[in-house]
Amino acid sequence: MKAAPFDYRRATSIDDACRALSEGGDEARLIAGGQTLVPLMAMRLARPTLLIDINGIAEMSGIAIDGDHLVIGGGTRQSDALGSEIVQRHLPLLADALSHVGHDQTRNRGTIGGSLANADPAAELPLIAQLLEADMIARSVESTRTIAASSFFESAMATALAPNECLTEIRFPLWREQKTGYGFHEVSIRDSDFALAAAAVQLTLDDKGACTRLHIAIGGASPAPMRLGEVESALLGTNLEDRTLHAETARLATLVDPQGDIHADASYRRRVARVMTERALQSARDRAMGTNP
Amino acid sequence: MSEHKITVCVNGNDMSGHAEARLTLVDFLRDVLGLTGTHIGCEHGVCGACSVIMDGKPVRSCLMYAVQADGHDVTTVEGLEADDGTMSPLQDAFWENHALQCGYCTPGMLIAGHALLSYNLSPTDEEIRHAIGGNLCRCTGYQQIVEAVRMAAEKIRGETS
């Protein structure tokens with residue numbers, strides 16, 4: 001359980017990190033919090049020949065509101081985002097999801113960008129990015145580009161990031177409608193373990209209680225977190241009554257095709273994905289109506 | 001592979017040594033500095049036995065390379081006792097409550113408990129369980145560990161002698 005040998009250097013700025021990445025070739029990797037990469041290296045599932053450390057680059061971390069977006073630096077620690085008043089006030093869904101990410105010991109090192117760039121299929125942050133259609137800002141020596149979450153998460157542990165790119169910033173759109181609510185539910189073997197299935201919902205209601213805007217996404221039940229467009233279309237315009245939610249979430253039986261493993265077989269995961277989705281919808285609806293702050 | 005000369009402030013003392021880039025912090029503490037109180041369990045971030053406090057916060061020392069700790073502050077389980085060797089209230093409470101059997105998880109449990117009590121001296125049982133949620137114990141069933149942390153909080157608050 002020891003990593004294969006590698007060279008190490010500390011980057012002093014984003015430019016410096018990008019330069020080192022492009023000079024380091026295909027086997028160079030960035031290391032931020034290391035909470036995903038170091039275990040992969042210990043198991044020798046990853047064998048980079050050069051690690052470029054981006055910890056301590058001040059311009060990589062920070063949390064701010066920019067117009068209708070919450071902007072988080074890729075190097076921001078998960079614990080700092082979880083404790084941030086800005087996050088709690090403007091995007092409570094993200095704070096809720098972060099409380100399920102690992103433990104204090106891993107959140108104190110793990111970063112927002114690191115979790116997204118590694119794209120574990122059961123991780124909570126990719127699910128939230130997919131749900132809210134976050135924009136990923138990727139920088140390389142040649143360019144800075146914006147990648148939409150919908151094309152960022154390609155498969156399990158695979159993203160649209162090029163080997164020479166650094167995920168510097170994540171921009172989460174903020175919903176400004178008055179009656180907006182969110183829901184997040186997951187089932188895991190142990191508190192804070194990876195989710196067997198997780199569901200996240202954000203929605204808006206009009207004055208009569210009809211749903212005018214609705215995003216639903218699930219994680220852990222597919223290679224990458226996925227939006228449930230079919231269920232969204234079916235529920236838009238309705239009052240999201242319990243029996244409607246129960247009936248429409250039955251579609252998950254054919255929409256998701258999870259992989260079974262030693263912890264839970266595929267049929268159980270499919271069932272849990274449906275129940276979590278139903279509960280997340282209920283929580284979001286109740287929050288939007290102000291009955292579940 | 002690169003080798004680095006690093007200095008880490010461990011339990012209040014600057015300690016230097018050489019570390020190959022791939023040497024984890026826990027291996028550096030144990031094999032280079034000889035501080036074997038911190039245990040290595042799973043070596044990939046699951047069991048929590050290797051927990052240490054870095055710059056005031058609990059982290060897993062198997063999930064970072066020693067070279068990354070260069071210039072930082074680390075507290076290990078050896079740093080919890082008083083200068084004269086007296087056990088801390090938390091360590092005492094572990095002893096009084098039989099919060100360990102084989103002792104393998106104990107350094108990590110003590111670090112997790114210590115980190116919790118550093119900002120919350122009136123934790124609920126749920127908060128205690130959450131704080132040790134990243135640490136595996138296969139002997140105690142956790143109940144005595146929760147009781148020990150609760151008793152340590154009471155002692156530090158001055159409610160029990």
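A word on the terms: helices (H or I, at least four residues) and strands (E, at least two) are DSSP runs, numbered from the N terminus. Two strands pair if DSSP finds at least two bridges between them.

Before I go on, please keep in mind that this is a predicted model, where local features need pLDDT of at least 70 and side-chain atom pairs count only at pLDDT 80 or more, while totals for chains, interfaces and linings use all residues. Residues are numbered from 1 along each chain as its sequence is written, and chains are lettered from A and ligands numbered from 1 in the order in which they are written.

Strand β1 of chain B, residues 3-10, runs antiparallel to β2(B), and eight bridges join them. If you want a pair to look for, H4(B) stands opposite A19(B) in β2(B). β1(B) also pairs with strand β5 of chain B, residues 73-75, this time in the parallel sense over two bridges. There, V10(B) has V74(B) in β5(B) as its bridge partner.

What is the order of the strands in the open sheet of chain B? The five strands go β2-β1-β5-β3-β4, with mixed pairing. β2 (13-20) and β4 of chain B stand at the edges with a single partner strand each, so one side of each has no neighbour in the sheet. On average, neighbouring strands here are turned by 40° against each other, direction ignored. Axes are lines fitted to C-alpha atoms, for helices over the stretch in contact, and angles run from 0 to 180 degrees between N-to-C directions.

At the β4(B) end, β3(B) and β4(B) run antiparallel and are joined by four bridges. I53(B) stands opposite P58(B) in β4(B).

Now the domains. Chain B is divided into domain 1 (3-79) and domain 2 (89-157), with bounds from an automatic or database domain assignment. Their centres, taken over C-alpha atoms, are separated by 22 Å. In domain 1 of chain B, 14 residues are in contact with eleven residues of domain 2; contact means that the C-beta atoms, placed from the backbone, lie within 7 Å. On the domain 1 side, β3 (51-54) and β4 (57-60) of chain B are the elements giving two or more residues, and β3(B) has the largest share, with three.

Helix α3 of chain B, residues 106-119, lies across β3 and β4 of chain B, at about 35° to β3(B). α3(B) also packs with helix α5 of chain B, residues 143-157, at an angle of about 40° and with axes 11 Å apart. Among the residues making that contact are M109(B) and L116(B) of α3(B), and V149(B) and I156(B) of α5(B).

Finally, how many residues of chain B are in contact with chain A? The count is 24 residues of chain B, against 24 residues of chain A. β4 and α4 (125-131) of chain B are the elements giving two or more residues to the chain B side, and β4(B) has the largest share, four residues.

Methods: Contact = placed C-beta atoms within 7 Å.
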